[in-house]
Amino acid sequence: MPTPTPSRIDLAAHLARVHQRAPLVQNITNLVAMNSMANVLLAIGASPAMVHAREEAAEFTAIADALTLNIGTLSPHWVEAMDEAAEAARLTGKPWVLDPVAVGATAYRRTTGARLLERLPTVVRGNASEIIALEAGGSGGRGVDSSDPAEAAEQAATRLARRVGCVVAVTGEVDLVTDGRRLARVRGGHPLMPKVTTLGCALTGVVAAFLVGAEDPFEATVAALACYGAAGQQAGQGARGPGSFAVAFLDALHTLEGDALDALPPLELHDAT
């Protein structure tokens with residue numbers, strides 16, 4: 001029986017679960033993102049681990065609570081480690097998130113993205129160009145920056161979610177989240193967020209942290225994006241530029257509470273078409 005679209009999602013309860021569990025999130029991410037991703041995960045209340053050597057990646061996945069894979073700076077050994085870690089997550093029932101950075105830019109990225117999809121991620125998180133390219137198995141997007149609004153990827157995201165049996169999150173000015181049956185639009189954030197490198201990559205880790213112990217990956221993903229947007233909205237109030245925003249954003253994540261979540265525009269929740 002299809003899961004009914006929830007009338008609301010208790011964002012504060014999802015955030016509280018992260019704080020209570022302090023999940024250990026293993027990240028095989030790109031070289032640019034490691035430091036900021038670790039800081040963001042610490043600020044939200046999770047415990048980051050950057051473990052990417054093939055010789056230990058899969059073994060560590062069995063220890064971790066969740067896994068993220070980011071194809072931003074690929075190399076053959078890292079791709080092998082990603083594949084083995086993803087398989088370990090699948091076999092042990094650990095949630096894992098795929099971040100298909102610039103997946104349409106080269107044949108190597110397209111092949112890697114398709115290979116990792118076969119390991120059945122719990123969530124795929126990317127910008128519109130990346131989701132469109134990943135779903136089509138072809139080219140799309142010149143790099144990490146999206147050339148399409150999130151809304152343009154709605155149908156591709158829905159098809160991808162249904163084909164893989166996962167949640168797909170398309171991030172942009174308005175985020176979209178779907179599991180193929182339900183769809184949410186999440187508003188929040190701040191225009192300075194795209195001006196700080198790897199904040200999108202770091203969001204992938206936050207999604208993984210919210211998945212740990214969650215009964216519904218769709219709701220957990222929506223909550224992760226909403227909390228991230230609330231922190232961005234709060235940080236932007238006093239920021240003078242990207243530098244001060246980056247510092248304020250970590251502080252906002254660390255101190256995030258219900259009043260900031262209440263200040264978000266209402267979530268839009270409905271059935272996917």
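1. The buried residues in question are Arg-109, Thr-112, Gly-113, Leu-116 and Leu-117. They cover an arc of only 135 degrees around the axis, so they sit on the same side of α5; the arc is taken over the directions from the helix axis to the C-beta atoms.

2. A word on provenance. This is a predicted model, where local features need pLDDT of at least 70 and side-chain atom pairs count only at pLDDT 80 or more, while totals for chains, interfaces and linings use all residues. Residues are numbered from 1 along each chain as its sequence is written, and side-chain values use heavy atoms, with hydrogens and water left out. Helices (H or I, at least four residues) and strands (E, at least two) are DSSP runs, numbered from the N terminus.

3. Next, α3, which spans residues 54–61. Ala-57, Phe-60 and Thr-61 are its buried residues. Viewed down the axis of α3, they fall within an arc of 100 degrees, so they line one face of the helix. Glu-55 and Glu-59 are exposed, on the face turned away from that buried side. The buried residues pack against β1 (24–28), β2 (47–49), β3 (66–70) and α4 (76–92).

4. Leaving aside residues up to four places away in sequence, Thr-61 touches Gln-26, Leu-67, Ala-85, Ala-88, Ala-89 and Lys-94. Its C-alpha atom is separated by 34 Å from that of Glu-268, 207 residues apart along the chain.

5. On to helix pairs. α6 (residues 128–136) and α7 (residues 154–164) pack at about 50 degrees, with their axes 9 Å apart; axes are lines fitted to C-alpha atoms, for helices over the stretch in contact, and angles run from 0 to 180 degrees between N-to-C directions. That makes α6 oblique to α7: under 35 degrees counts as roughly parallel, over 145 as roughly antiparallel, 65 to 115 as roughly perpendicular and the rest as oblique. On the α6 side, Ile-131, Ile-132, Leu-134 and Glu-135 meet Ala-156, Ala-157, Arg-159, Leu-160 and Arg-163 of α7. By class, this contact of α6 with α7 has six nonpolar, no polar and three charged residues (Ala, Val, Leu, Ile, Met, Phe, Trp, Tyr, Cys and Pro count as nonpolar, Asp, Glu, Lys and Arg as charged, and the others, Gly among them, as polar).

6. The other pair is α1 and α9 (residues 217–235), packed at about 90 degrees with axes 9 Å apart. That makes α1 roughly perpendicular to α9. Leu-11, His-14, Leu-15 and Arg-17 of α1 make the contact with Glu-219, Ala-220, Ala-223, Ala-226 and Cys-227 of α9. By class, the contact of α1 with α9 has six nonpolar, one polar and two charged residues.

7. Finally, two backbone points to check. Ala-22 has a positive phi of about 45 degrees although it is not a glycine. Ala-22 is in the loop between α1 (11–21) and β1 and counts as partly exposed at 38% relative accessibility. Leu-120, also not a glycine, has a positive phi near 60 degrees.

Terms used
Contact means heavy atoms within 4.5 Å. Buried means under 20% relative accessible area, exposed over 50%, partly exposed in between (1.4 Å probe, protein chains only).
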